[in-house]
Amino acid sequence: MIIGQIIDGIVLDHITAGRGVDIYETLRLGELDCTVAMIFNADSVKMGRKDIIKIGTPIDIDLDVLGIIDPGITVNYISNGKVAKREHISLPATIRGILKCKNPRCITTIEQGLTQEFRLCDEENKVYRCVYCETKADTSSLK
Amino acid sequence: MRSVIDIMDLSVEEIDSLTETAESIIKDPAAFSDRCRGKKLATLFYEPSTRTRLSFEAAMYELGGQVIGFSEASNSSVAKGESVADTVRVVGCYADIIAMRHPKEGAPLVASRYSSVPVINAGDGGHNHPTQTLADLLTIKREKGGFDGLTVGLCGDLKFGRTVHSLISAMSRYKNVRFVMISPSELRIPDYVKINTLDKNRIPYTEVTDLESVIGELDVLYMTRVQKERFFNEADYIRLKDSYILTSEKLAGAKADLSVMHPLPRVNEISTDVDSDPRACYFKQVLYGKYMRMALILMLLGV
């Protein structure tokens, strides 16, 4: 299988096999008008099997969202056909402006202009809690 | 700018220092009666709480300071839709320190992020109530001589009871403390308190549904009210509110030096015949609360 080289764009590598579609949907890559290549179950020395997504244009990617869905992803920024920058994603310590607190008693339900903010409390179980009311975040909308 | 939103904002050393200051005030209140002269406390109470508000106001007056503020949201610009952030930015122009009670959880944290003066959380919904915990800690220290090695019984609404959660956090930093959680299954301590505080700090605890079977083991019995306002469903409230009532008969099986505590107000969870028992500490707890609030105001104002 041959997939063309990217000149300027992004390669999301080391995606856990099977999670590629979740990332494609969450990042709304289907709405882009550039080339997007999805590779499922690629051979990986480190992981056995992995998914890879190649995006044929530079875009802003929310690394926090990626970190929540699949910590361990590598983001390669490609410029002039070469890797210009590489970032290894991990679970973000805080998440701002992505999730919404479900607690009806939380100040975020009424305070104008207040950004939703969650803090990582349990890395092993990927538990985030609202910094204001400590209610557990529902991250299922990101999976 | 230093604020106190959660009891864990204070280190063990700071709590020790606050209790020492409070004990100095108890010994010689006249020595502190002028310490806040020229300073103003703003009590921003977005929901009624006469007890806590009066305690803060009495604390400031006894330090020689003055008090401004409101006692319910309908009397303030909040009724016009003003945000917490804007309110504290305005109040910071008038006052040197703010005590805030708010029905929404996290409101005092928001306030502290925008305020130019220290903010004390005077209770935010079912979340935190650090000055109640300071009152509880001074009561335990004075009644038991310290915190290490105590078996603390927590009884009643352990799910929504913010004072219980804060007390567990604060006590978990002392040595060989053990908790006995006594509640109906519907009002058990939340999992996150167990995981993040008890298990993380390897604090031993047991959960039971019957007060009488464990009362003899306890050094401290912390009773709580089953609060109507924390329920969405009135039928659930009516079914559970009388579950755990402390009476003189039940106290007969307790240690002679048990300390019975309650954050007040009580409804009927402690029978009035317990009031005359020397083990009842809940009215002393109120007084200690005022002294700890005085100590906290002094600390945050740096005077």
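This is a predicted model: local features need pLDDT of at least 70, side-chain atom pairs count only at pLDDT 80 or more; totals for chains, interfaces and linings use all residues.
Local features are reported at pLDDT of at least 70 and side-chain atom pairs at pLDDT 80 or more, whereas totals for chains, interfaces and linings use all residues. Residues are numbered from 1 along each chain as its sequence is written, chains are lettered from A in the order in which they are written, and side-chain values use heavy atoms, with hydrogens and water left out.

**View 1. Overall layout of chain A.** Chain A contains 2 helices and 8 strands; helices (H or I, at least four residues) and strands (E, at least two) are DSSP runs, numbered from the N terminus. Along the sequence these elements follow the pattern β-α-β-β-α-β-β-β-β-β. The C-alpha trace of chain A spans about 55 × 30 × 25 Å along its principal axes. Of its 143 residues, 44% count as buried, where buried means under 20% relative accessible area, exposed over 50%, and partly exposed in between (1.4 Å probe, protein chains only). Contact means heavy atoms within 4.5 Å. Among contacts in chain A between residues at least 6 apart in sequence, 56% join residues at least 24 apart.

**View 2. The interface of chain B and chain A.** Chain B gives 22 residues to the contact, and chain A gives 16 residues. The area buried between the two chains is about 1,600 Å², with carbon and sulfur atoms giving 48% of it; buried area is the accessible area (1.4 Å probe) that two parts lose on being put together, summed over both. Across this interface there are 13 residue pairs in polar contact, both residues being at pLDDT 80 or more. A polar contact is a pair of N or O atoms within 3.5 Å; within protein, one must be able to donate a hydrogen and the other to accept it, and residues adjacent in sequence count only if both atoms are side-chain atoms. On the side of chain B that touches chain A, the elements giving two or more residues are helix H3 (84-91), helix H4 (107-114) and helix H7 (191-199) of chain B. The largest share of that side, 4 residues, comes from H4(B). By class, the side of chain B that touches chain A has 9 nonpolar, 7 polar and 6 charged residues; Ala, Val, Leu, Ile, Met, Phe, Trp, Tyr, Cys and Pro count as nonpolar, Asp, Glu, Lys and Arg as charged, and the others, Gly among them, as polar.

**View 3. The salt bridge between the chains.** The rule finds 1 salt bridge across the interface of chain B and chain A, a salt bridge being a side-chain nitrogen of Lys or Arg within 4 Å of a carboxyl oxygen of Asp or Glu. A:Glu117 and B:Arg113 form this salt bridge, at 3.2 Å from N to O. A network of salt bridges links A:Arg96, A:Glu117 and B:Arg113.

**View 4. Salt bridges within chain B.** Over all chains, the whole structure holds 21 salt bridges. One of them joins B:Glu14 and B:Arg2, with the closest N and O atoms 2.8 Å apart. B:Glu14 lies in helix H1 (residues 12-27) of chain B and B:Arg2 in the segment before H1, so the pair ties together parts that are 12 residues apart in sequence. B:Glu14 is partly exposed, at 23% relative accessible area, and B:Arg2 is also partly exposed, at 33%. The side chains of B:Arg142 and B:Glu23 meet in another salt bridge (3.1 Å, N to O). That pair links distant parts of the chain, with B:Arg142 in helix H5 (residues 130-144) and B:Glu23 in helix H1 of chain B, 119 residues apart.

**View 5. The surroundings of B:Ser259.** B:Ser259 is found in strand S9 (residues 259-261) of chain B and is buried, with a relative accessible area of 2%. Leaving aside residues up to four places away in sequence, B:Ser259 touches B:Glu143, B:Lys144, B:Asp219, B:Val220, B:Leu221, B:Arg279 and B:Cys281. B:Arg279 forms a salt bridge with B:Asp277, their closest N and O atoms being 3.0 Å apart, and both residues are buried.

View 6. The structure holds 0 disulfides over all chains, a disulfide being a pair of cysteine sulfur atoms within 2.5 Å. For A:Cys101, the nearest cysteine sulfur is that of A:Cys133, 3.5 Å away. A:Cys101 is buried, with a relative accessible area of 7%. For B:Cys155, the nearest cysteine sulfur is that of B:Cys281, 16 Å away. B:Cys155 is buried at 0% relative accessibility.
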